[in-house]
Amino acid sequence: MTRKWLLSKFAFDITLAVALQLTPVPAMAQDGDDAKALTVDVAIDGSTLALNNNDPADPANPIRGTTFTVTGKIFPGGTIPMGITPFDPNQPGSIGTWVCSGVFVADAADIFGGKQIIAFHTNQIFMFTDDRNALFTEGLEGSVGTTTHRVVVGGTGTFRGMVGKERQETIGLNLGGKGLFDIRFTFKLKRNDSD
C-alpha cells in the first residue's frame, strides 16, 4: 500500500463518518475486504409506471424491447416484508427516492407466466436526499423470487467516488403500491482510487 492510498483512505473514512452524521442516509457496515456494506429496501409505486410499448396494437401487454420508467421509495433494509403484502410505498419511514428506467428483455407474458426469470435491463438511481447524494447502478433484473447482480457505477455526495456491486432480490409485490415489485438491495461499495 502506498502512502497516497493510505492518506486517501483515511480522508475518505473521516469524510464518510462526518457525512453520515450530517445526512439522512443509512449507515454502511465495514466488510472484510475493505468494502462498505449497505442494505436498503425499495417499494415501487405502480402509479408512476410509464410504458412505451413497441407493440401499438396491444399497449397493455409489453413485449421484448418495450421501454419504461418508474419510481419508488427507499426504506431501511429489512423494512418491507417478503411476499404479497399491503405495503404502501408512500407510507412514512422512507429514506429516499428510487428512479428506474429500462427495457423489457422478454415478453411480459413470459415474465409473469414464469417462463423467463430475467426480465429487464435497467439503470437505477438511489437518491437518499436528492441527486446530490445518490448512488447509480446498471444491470439485469428478474421477476419475483429472482436474485440478480448489478454494477454500481458511481455516486454523488456521501457516495462520491464509490463503485462496487449490488445484489438485487425481488422479495414480493406491494398491493398498496398498485401491485408492483418490492426489492431488497445489498451493496458492496469501495472508494475508487482514481478520484
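**Entry 1: strand β11 and its partners**

I began with strand β2 (residues 36-44) and strand β11 (residues 180-191), which run antiparallel and are joined by eight bridges. The model I am reading is a predicted one.

**Entry 2: D41**

Next I looked up D41, which is found in strand β2. Is D41 buried or exposed? I found a relative accessible area of 0% for D41, and because buried means under 20%, D41 counts as buried. I followed its side chain to two places: the backbone nitrogen of T79, reached at 3.0 Å, and the side chain of R184, joined to that of D41 by a polar contact of 2.7 Å. Setting aside neighbours within four places in sequence, I listed the contacts of D41, among them K73, I74, F75, P76, G77, G78, I80 and I183.

**Entry 3: the nonpolar cores**

I went on to the largest nonpolar core, which has 26 residues, and asked which of them touch the most other members. They are V40, W98, F126, F128, L135, F185 and F187. The elements that give two or more residues to this core are β2, β4 (67-76), β6 (96-104), α2 (108-112), β7 (118-127) and β11, and β11 supplies the largest share, five residues. I took F126 as an example and, leaving out neighbours within four places in sequence, found it in contact with residues including V40, V42, I74, W98, L135, F185 and F187, as well as N133 and E166. There is also a second, separate core of five residues, which includes A43, F75, I80 and F87.

**Entry 4: the largest pocket**

I then checked the largest pocket, where about 220 Å³ of space lies. Its lining is made of 16 residues, and those nearest the centre of the pocket are L49, F104, F120, L180 and F181. Two or more lining residues come from each of β4, β6, α2 and β11, with β6 giving the largest share, three residues.

**Entry 5: R132**

My next stop was R132, in the loop between β7 and β8 (134-142). R132 has a relative accessible area of 62%, and because exposed means over 50%, I noted R132 as exposed. Which residues does R132 touch, not counting those up to four places away in sequence? I found T156 and G157. R132 and T156 are 24 residues apart in sequence, yet I read 5.5 Å between them in space, C-alpha to C-alpha. The side chain of R132 also makes a polar contact of 2.5 Å with the side chain of D130.

**Entry 6: the whole chain**

Last, I looked at the protein overall, which has two helices and 11 strands, running from the N terminus as α-β-β-β-β-β-β-α-β-β-β-β-β. Of its 195 residues, 39% count as buried. Among contacts with a separation of 6 or more, 57% are between residues 24 or more positions apart.

Methods: Residues are numbered from 1 along each chain as its sequence is written. This is a predicted model: local features need pLDDT of at least 70, side-chain atom pairs count only at pLDDT 80 or more; totals for chains, interfaces and linings use all residues. Side-chain values use heavy atoms; hydrogens and water are left out. Two strands pair if DSSP finds at least two bridges between them. Helices (H or I, at least four residues) and strands (E, at least two) are DSSP runs, numbered from the N terminus. Buried means under 20% relative accessible area, exposed over 50%, partly exposed in between (1.4 Å probe, protein chains only). A polar contact is a pair of N or O atoms within 3.5 Å; within protein, one must be able to donate a hydrogen and the other to accept it, and residues adjacent in sequence count only if both atoms are side-chain atoms. Contact means heavy atoms within 4.5 Å. A nonpolar core is a set of buried Ala, Val, Leu, Ile, Met, Phe, Trp, Tyr and Cys residues joined through side-chain atoms within 4.5 Å. On a 1 Å grid over the protein atoms alone, a cavity is a set of points where a 1.4 Å probe fits but cannot get out, and a pocket is an open set with protein on both sides within 12 Å along at least five of seven lines; lining residues have an atom within 4 Å of a point. Grid points are joined across faces, edges and corners, and a volume is the space filled by probe spheres set on the points.
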